[in-house]
Amino acid sequence: MKELKLMKGNEALAEAAIRAGCDAYFGYPITPQSEVLEYLSREANARTGMVVLQAESEIASINMVYGAAGTGKKIMTSSSSPGMSLMQEGISYIACAELPCLLVNVNRGGPGLGTIQPGQGDYFQSVKGGGHGDYKLIVLAPATVQEMSDFVKEGFELAFKYRNPVLILTDGALGQMMEKVELFPQQERKFEELDWAITGKPESRPKNAITSLHLKAEKMEEINIHLQKKYREIEKNEIRYEAIDCDDADYIITAYGLVARICTKAAQLARKKGIKVGVLRPISLFPFPYDVINKYADKVTSILDVEMNAGQMVEDVRLAVNGKVPVEFYGRMGGVVPDPEEILKVLEEKLVGVAV
Amino acid sequence: MNERALIDDEHYEHTLRAEHTEIIDRENIVYEKPGTLIDIDMHYCPGCGHGVVHRLIAEVIDEMEIQSEVIGVAPVGCSVLAYNYLNIDMSEAAHGRASAAATGIKRVMPEKYVFSYQGDGDLAAIGTGETIHTCNRGENILFLFINNGIYGMTGGQMAPTTLEGMKSTTSPFGRDVATMGAPLKITELIAQLPGTYYVTRQSVHTANNVRKAKKAIRKGFEYQKLNKGTCFIEIVSNCPSNWKMTPIESNHWLNDNMLPFYPLGDIKVPKNGGK
Ligand SMILES: Cc1ncc(C[n+]2csc(CCOP(=O)(O)OP(=O)(O)O)c2C)c(N)n1
Ligand code: SF4
Ligand SMILES: [Mg+2]
């Protein structure tokens with residue numbers, strides 16, 4: 001029987017964490033994601049025994065995640081932009097030590113303290129490695145409250161499949177808005193001894209060490225080569241995207257997250273006017289669907305990339321298109337959410353107008 | 001307390017000579033490497049207190065027979081490679097964040113013994129927030145705090161615990177309290193927190209002190225089973241390399257300069273004797 005509920009994005013995500021059998025959540029309040037910590041503080045421990053701890057800072061929460069994830073259990077944290085900035089050193093350690101865990105960034109408008117309104121200014125930080133060194137997170141960008149829930153389960157699966165941190169990159173609007181969501185059934189919290197994890201060294205195996213330290217350059221290069229190989233594997237297997245009305249389109253809009261839904265509305269308005277527009281929504285931002293976009297570039301006249309920032313994902317779109325067709329950009333910043341009409345206007349001016 | 005007699009040169013030479021006497025019968029052995037201490041060369045400088053404290057941890061783990069139940073955390077600092085020396089599951093941690101990592105481990109593995117092993121720069125400068133809040137939450141972990149009054153690993157910069165007037169590469173004319181602040185007695189500070197159960201300051205610069213420190217470490221592990229709060233053991237230690245002294249000089253200097261400011265002994269003991 002389907003379990004349908006009307007929920008806020010942040011609450012659906014928190015509920016999904018409980019249902020996915022998450023063992024521990026460590027977090028620190030910040031708008032617009034505090035509902036995650038609040039919901040879990042209220043619900044989680046009594047229902048599944050999940051640990052929920054409010055840390056003294058995001059630096060502490062990410063390092064609690066680092067410690068706990070070393071045991072091989074299902075661990076997560078969430079925050080919003082300034083808090084994610086504080087976490088970057090810890091995330092780099094986690095990526096290098098190859099610890100599975102789930103991170104969530106409910107992106108708000110920046111830079112600086114910025115605004116509590118939604119933003120997408122953390123794209124670079126999320127997909128290009130916000131901390132030091134060469135590392136990658138698997139980055140999933142939900143566009144609906146349903147996906148806020150589903151990606152928690154999927155995120156944990158990917159994290160353990162690749163021993164890699166997974167980031168759900170969403171924004172303040174999706175975190176705060178209410179939608180219908182079909183909840184997945186409660187999964188059992190069960191503990192599996194993993195051969196690399198620190199659980200107390202029994203006689204039967206050598207000691208395990210969680211570390212990202214390798215003083216010899218050659219050894220550190222070896223670790224890097226291993227990580228890069230893993231990232232190539234992820235690129236091969238885990239690309240996720242949604243192509244909406246792209247096959248007969250003359251123009252394509254690329255956008256991720258909630259903005260992709262607004263662009264879908266703009267595309268519908270365009271089609272009413274006889275302009276054939278499709279929307280290509282990357283769901284996995286790393287790995288990025290370069291090949292998919294490259295193939296569509298053969299079929300369309302031009303592409304418009306729309307984001308709530310000054311133009312970040314557009315760099316990856318341009319890399320994908322590789323000069324085949326013009327790629328225009330439209331962005332709103334500082335927490336302003338664009339509406340379908342303004343996107344349609346930009347589309348007509350920048351793409352259609354040029355083509356005529 | 002004048003313990004100079006115990007650390008004089010003659011005593012050390014005697015110890016050294018003993019090492020070279022012929023191998024004695026196995027049943028007569030009174031001193032050997034604890035099983036939990038891995039038999040490889042340590043990178044510590046000769047005479048450094050880190051190696052001694054590692055040995056004590058290993059001895060206590062062996063004596064309590066808890067090797068399979070211990071998880072340690074050692075952050076950046078000279079002891080970051082502790083996981084190469086102790087035959088237990090361990091995690092390295094970012095500079096200052098050991099107690100957060102230890103909190104994470106203990107919260108999801110409450111049945112294990114968890115300890116964090118941190119230097120003074122780590123615990124009392126960059127990680128002060130984590131230290132205070134971990135103790136304030138009364139996490140059931142053991143802190144081993146190696147206070148050598150200096151940043152050892154990075155080459156002898158001033159630490160929060162560097163004594164007034166003490167020279168370091170970043171206080172080349174001696175620590176000036178007016179501009180650099182006074183040395184921080186973080187152990188006294190955290191003893192004020194209701195979350196701490198057992199707080200003590202020890203040293204390992206004489207054989208007698210080594211014995212006392214070992215007893216404290218054993219208590220720290222034993223108390224953890226009671227789930228009564230944080231145990232915190234400061235070890236006043238040396239850094240012969242960055243203090244620019246021989247090991248013996250450094251132990252004398254520790255005795256004469258560090259200990260008057262950082263007096264040894266229990267600061268907070270369980271009311272009922274830890275029962
Ligand atoms: C974020 C960060 N800042 C600075 C450093 C450099 N660093 C490594 S160890 C250390 C100080 C270590 O001193 P202490 O904690 O007293 O340990 P000791 O080596 O003296 O035992 C510093 C500053 C680092 N690794 N990471
Ligand atoms: S630098 Fe100092 S603290 Fe580090 S190993 Fe050498 S003597 Fe010990
Ligand atoms: Mg030090």
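A donor here is an N, O or S atom within 2.8 Å of the metal, and water is not among the atoms, so a site may look incomplete. Keep that in mind at the first stop. The model is predicted.

**Stop 1: the magnesium ion**

Select the magnesium ion, ligand 3. Show the protein donors around it: Asp120(B) through OD, Asn148(B) through OD1 and Ile150(B) through O. They lie 2.1 to 2.2 Å from the ion. Along the chain, the donors follow the spacing D-x27-N-x1-I.

Now colour by secondary structure. Asp120(B) sits in helix α4, residues 120-126 of chain B. Asn148(B) is in the loop between β4 (142-147) and β5 (150-151) of chain B. The two are 28 residues apart, so this pair links distant parts of the chain. Are Asp120(B) and Asn148(B) buried or exposed? Both are buried.

**Stop 2: Ser79(B)**

Go to the loop between β1 and β2 of chain B and pick Ser79(B). Its relative accessible area is 3%. The cut-off for buried is under 20%, so Ser79(B) counts as buried. Which residues does Ser79(B) touch, leaving aside those up to four places away in sequence? Select Tyr44(B), His50(B), His54(B), Ala74(B) and Tyr117(B).

**Stop 3: where chain B meets chain A**

Zoom out and show both chains. Here 35 residues of chain B are in contact with 34 residues of chain A. The area buried between the two chains is about 2700 Å². Carbon and sulfur atoms give 62% of that area. On the chain B side, select Asp89(B), Glu92(B) and Val108(B). These three lose the most area to chain A, together 23% of what that side buries.

**Stop 4**

**Stop 5: the elements behind the contact side**

Highlight β1 (70-75), β2 (89-93), α3 (98-108) and α5 (128-136) of chain B. Each supplies at least two residues of the side that touches chain A. Stay on α3(B): this helix gives the most to that side, with 7 residues. Finally, colour the chain B side by residue class. That side has 17 nonpolar, 10 polar and 8 charged residues.

Methods
Residues numbered from 1 in each chain as written. Chains lettered and ligands numbered in written order. Predicted model: local features only at pLDDT ≥ 70, side-chain atom pairs only at ≥ 80, totals over all residues. Heavy atoms only, no water. Donors = N, O, S within 2.8 Å, 3.2 Å for Na, K, Ca; no water. Helix = DSSP H or I, 4+ residues; strand = E, 2+ residues; numbered from the N terminus. Buried < 20%, exposed > 50% of the residue type's maximum accessible area, 1.4 Å probe, protein only. Contact = heavy atoms within 4.5 Å. Buried area = accessible area lost by both parts, 1.4 Å probe. Nonpolar A, V, L, I, M, F, W, Y, C, P; charged D, E, K, R; others polar.
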